Structures are given as C-alpha cells and as structure tokens.
Amino acid sequence: MKHLRYKPKAVLFDMDGLIFDTEALYRDAVIKAAEENGFNIPVSVYLETIGLPSASARALLGTHLSGEVAIDDLWKQASDQFQTMVATELRLKPGLIEMLDWLEEVRLPWAIVTSSDRDTVLSHLLAVNLRDRFRHIIARGDYTAAKPHPEPYLKAASQLGVDPSRCVALEDSRNGVLSASRAGLMTIMVPDLVQATPDTQCLCTYVAPDLHDVLAVLIDTLQAT
C-alpha cells in the first residue's frame, strides 16, 4: 500500500468532480446550451475548463466560439440547465461518507477548497444533508488568485492552523493539482473526466482510482510507525 511522506494533519477536498459527480453535469449542460444555439463545443474543449473559476472558463469557451455568440448569455442558459439537472441528478462520489466518518473518528480536520462560489457549495451540501459536516469552506471570493494559483490551498491550511506540507489535498483536475502542489501539499489526484497525464502525475504524491483507495492510503499512513 502507498504511504504518504508525512502523517497527515488535515485533508482538503476539492468539490466538483471530487465530492460531487458534478463535472459531467456541467459538461452536458454547456454542450447542450451550445447546441441549442447552433454551435458546437467539443468535449475536448470543455475539458480544458475543468478546475478553472467560472470567469476563466467563460473566457476560454468564448475564445473557442470566436465571438459568434454572447458567451454570458450562453453561460446563463447552461447554468439554468445545470441547476435543473442538479435537482434530480446530484450524486456524491463513492467513498466520501466513509472518509468523513473516518476523519471524524481520528479527529483530523478537513475543509473544502473550491473554485465555486460559497452559495453553490452550501446549496449542494444542503441538498445531500452534509452542510453540518463541512465547517471550513474556502470558496471563490475568499481568495484573490484562483486555482491553479496556490493561494486557495495556502489560505485553507492557514485557516486550519496546519503547515501546508502536512496537509493532503484531494483533486480531480490538472488545475487543482497545480494549485495544491504549488502550495506544498501532499496532493492525491482522483481523476474524474480527465485522466492524469505524465506531467500531472509528477506533481502528485499519489493517483488514486477512487476515494475508497484514498482512505486506505490515509489509514495505512497513520498506522505506519
């Protein structure tokens, strides 16, 4: 079993694609909105937006569409479609509840570190009755520079009072991995829509197939002498 280089003192979770199976919903909503307006956004283009704050994602999509459509209007249509899908299709990633139970048992603090805004985070958590289980949330608006800049993770580590090198970051995207690794965290990638590339793997302490596997690594690391 893989061991982390230090016994962790905190675990920091990305949200979309890591806690919630939302990246596929975002993808489908954006592509559908484009199609309804007579445009095509290839999946490969959408995948480049994963892990980016919404303003950066809109800018990237706007560049692809070459100004042929008002990107803010398209984004609003996609957002409305996404909210409709979330109402019936929001799902937790397998292994999350078991990990939260274990973190509580061993008294390791944890937090969400996300590019989404706080209202979206709270809405998602309330929808699955998990609001009370996340006391610490670092969301868009809590930092100046978004992922892939290290600031979001540095701010989270500071809020928890833990040295960044003793924190574990759980991420599903390249931009998230860049942010966490640049902040000096032990970074575990759990790929969602995008698999780890060789350059991303080099930045990770470990690449895990799912949160069940992450939990096994954490347990094994804490039990190691």
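Predicted model: local features only at pLDDT ≥ 70, side-chain atom pairs only at ≥ 80, totals over all residues.
Let's begin with the whole chain. The protein chain contains 10 helices and 6 strands. For 225 residues, a compact globule would have a radius of gyration near 17 Å, and the protein chain agrees with that at 17 Å. Along the principal axes, its C-alpha trace spans about 60 × 35 × 30 Å. Of the 225 residues, 50% count as buried.

Now for the rings. A pair of aromatic rings is described by the distance of the centres and the angle of the planes. There are 2 aromatic pairs in the structure. In one of them, the ring centres of Phe13 and Phe134 are 6.1 Å apart; the planes stand at 85°, over the 60 degrees that the label requires, so this pair is edge-to-face. Phe13 belongs to strand S1 (residues 10-13), while Phe134 sits in the loop between helix H6 (118-127) and strand S3 (137-140), so the pair links parts of the chain 121 residues apart.

Since Tyr26 is in helix H1 (residues 23-36) and Phe82 in helix H4 (residues 71-89), the pair ties together parts 56 residues apart in sequence. Tyr26 is partly exposed because its relative accessibility is 21%, a value just outside the cut-off of under 20% for buried residues. Phe82, at 3%, counts as buried. One more ring deserves a look: the charged end of Arg166 sits over the ring of Tyr6, 3.8 Å from its centre.

The largest nonpolar core has 39 residues, and Phe13, Ile19, Met99, Phe134, Leu170, Ile188 and Val214 are the ones that touch the most other members. Beyond its neighbours up to four places away in sequence, Phe134 touches Phe13, Ile19, Leu100, Trp110, Ile112 and Leu125. Another core, of 16 residues, lies apart from the largest one and includes Ala111, Ala157, Val162 and Ala180.

Strand S1 also holds Leu12, which counts as buried because its relative accessibility is 0%. Leaving aside neighbours within four places in sequence, its contacts include Ala111, Tyr153, Ala157, Cys167, Leu170 and Leu185.

Finally, the backbone. Most residues other than glycine have a negative phi, and most peptide bonds are trans. Against that background, a cis peptide bond joins Lys147 and Pro148, with omega about 15°. Pro148 is found in the loop between S3 and helix H7 (151-160). Arg107 has a positive phi, near 60°, and is placed in the loop between helix H5 (96-106) and strand S2 (110-117). Its relative accessibility of 76% makes Arg107 exposed. Asn129 likewise has a positive phi near 60°. Asn129 lies in the loop between H6 and S3, and counts as exposed at 70% relative accessibility.

Technical notes:
Residues numbered from 1 in each chain as written. Heavy atoms only, no water. Phe/Tyr/Trp six-rings, centres within 6.5 Å; stacked < 30°, edge-to-face > 60°. Helix = DSSP H or I, 4+ residues; strand = E, 2+ residues; numbered from the N terminus. Buried < 20%, exposed > 50% of the residue type's maximum accessible area, 1.4 Å probe, protein only. Lys NZ or Arg CZ within 6 Å of the ring centre and 35° of its normal. Core = buried A, V, L, I, M, F, W, Y, C linked by side-chain atoms within 4.5 Å. Contact = heavy atoms within 4.5 Å. Rg over C-alpha atoms; globule rule 2.2 N^0.38 Å.
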